[in-house]
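User: I would like a close look at the aromatic side chains of this protein, with the geometric criteria spelled out.

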Amino acid sequence: MSNTAQLILDGKTYELPVIEGTEHERAIDISKLRSLTGGVTTIDPGYKNTGATKSAITFLDGEKGILRYRGYSIGYSIEELAERSTFLEVAYLLIYGELPNEEQFSSWKSEITMHTMVHEEIKNILDGFPSNAHPMGVLSSLVSALTAFYPKSLDPNRSIKQVDLSIARIIAKMPTIAAWAFKNEIGHPVNYPDNTLDYCENFIKMMFATPAETYSVDPVVSDALNKLLILHADHEQNCSTSTVRIVGSSQASLYSSISAGISALWGPLHGGANQAVIEMLEGIKSSGGDTKKYLDKAKDKNDPFRLMGFGHRVYKNFDPRATIIKKAADGVLAKLGVNDPVLDIARGLEEAALKDEYFVSRKLYPNVDFYSGIIYRAMGIPTEMFTVMFTLGRLPGWIAQWKEMRENNEPIGRPRQVYTGHNSRPYMELGER
Ligand code: CMC
């Protein structure tokens, strides 16, 4: 196979290098295109064909439904990671490149445990939010606010030690901030972290315990959470991850970059889809279970409605995470003794869509968000917290990608454009317009 590509432009031939990744993905390197051609650029809205970086973190093959973190498979044998490891081990793997040995894991866990509390003054900021504030808005604001409490974290070039400290802090504090955002919404007093518990148990307790009652964490719920967080932990150059990398490329701090990533994740076409899926399924239920009506709406080009939880920019076969979550949903619901009619609607909708020519021809399959909300509901997590749960899972991926971008000394992200506005025109006085 050739390691150069030829571009013929205005009768002139340009040789462009073709690079190949470790999984034999090939890419035409256009990094010198403008200087070679005297300013010609490329255009690719939504970056559907454009690789923004080389990355050694996550590999996914959308045709084969493969997803691997640092070489460890998620698709067919994620059971290896999701069943056997903990979210904190996977976080270490993503961020530092290898699964930790016993000593590394023990010091990583104690580092995280040490930082679970947040500054008391964060509560003052939280109190300033209206009680109906969406927890994603609260989360991104409070993560950004961490920069005020840790000014040494502002300069990402300060030292590796400082960066590692910022990493441990944000992984440790995110569950506390997330649970507090929820408590603010429902008007309950916040809970402080309990460092005798593991990462998932601690979060669940901060979410659901109240001062009025004793609370013990159901292991079915914490196991399910561990699995869901692992499945969401990274997904290469998606919208929020690219946001984190591009914000970080300006040498903004880790906290500011993550805060921007949270905002990107919030949208319904990305992480916000898990909330939108349940709202859609509820809508179908209350309209008498008429799945056909919703399929027709999704197919109607004059209707902006899309079948939430269906389709993916990269997976054009199936989303391996969805397969695992669908299987897990049955188990979790059975173990918790929950009978959710929305699960039947989801199954019916999936079955109908997978037989429908519109969805089949466009290779639209259920994605990770289609079934995750059903498990979250069974765990007692309210709908508006679903995207917050996604954030908790995706955090190590964002950090790993931010760190890789910094270590590779990537240049500031700055796409080009093709200008289509007015040509130069003279200023007109107010009265003449
Ligand atoms: N319902 C109906 N039609 C759809 C859907 C859908 N969910 N998704 C894509 N299409 C159609 C789309 O209208 C287009 O049709 P046509 O070729 O006739 O114009 C075709 O399928 C290709 O779609 P696209 O918009 O070009 O695909 P994309 O890669 O730009 O968008 C997507 C990917 C995930 C934004 C989109 O499939 C979508 O909006 N899905 C619903 C939202 C959702 O579930 N998002 C969660 C994604 S997974 C979690 C995450 O990682 O963020």
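At what distance from the ring centre of W402 does R406 lie? Please go on from there to the aromatic cluster that holds F310.

Analyst: R406 lies over the face of W402, at 5.8 Å from the ring centre, where a charge counts as sitting over a ring if NZ of Lys or CZ of Arg is within 6 Å of the ring centre and within 35 degrees of the ring normal. The model is predicted, and local features need pLDDT of at least 70, side-chain atom pairs count only at pLDDT 80 or more, and totals for chains, interfaces and linings use all residues. Residues are numbered from 1 along each chain as its sequence is written, and side-chain values use heavy atoms, with hydrogens and water left out.

A pair of aromatic rings is described by the distance of the centres and the angle of the planes. Rings of Phe, Tyr and Trp (its six-membered ring) pair if their centres lie within 6.5 Å, and planes under 30 degrees apart count as stacked, over 60 as edge-to-face and the rest as tilted. By this rule there are twelve aromatic pairs. One of them joins F310 and F370 edge-to-face, with 5.2 Å centre to centre and 80° between the planes. This pair links distant parts of the chain, since F310 is in the loop between α13 (291-299) and α14 (320-336) and F370 in helix α17 (residues 368-378), 60 residues apart; helices (H or I, at least four residues) and strands (E, at least two) are DSSP runs, numbered from the N terminus.

F310 is buried, with a relative accessible area of 11%, and F370 is buried as well, at 0%, where buried means under 20% relative accessible area, exposed over 50% and partly exposed in between (1.4 Å probe, protein chains only). F370 also forms an edge-to-face pair with Y371, at 5.0 Å centre to centre and 85° between the planes, and Y371, like F370, is buried. Together with Y358 and F359, the residues F310, F370 and Y371 form one aromatic cluster. At Y358 a charge comes in, for the charged end of R362 sits over the ring of Y358, 3.9 Å from its centre.

As for the setting, the secondary structure of the protein comes to 18 helices and six strands, and 49% of its 433 residues count as buried. Of the contacts (heavy atoms within 4.5 Å) with a separation of 6 or more, 71% come from residues 24 or more positions apart.
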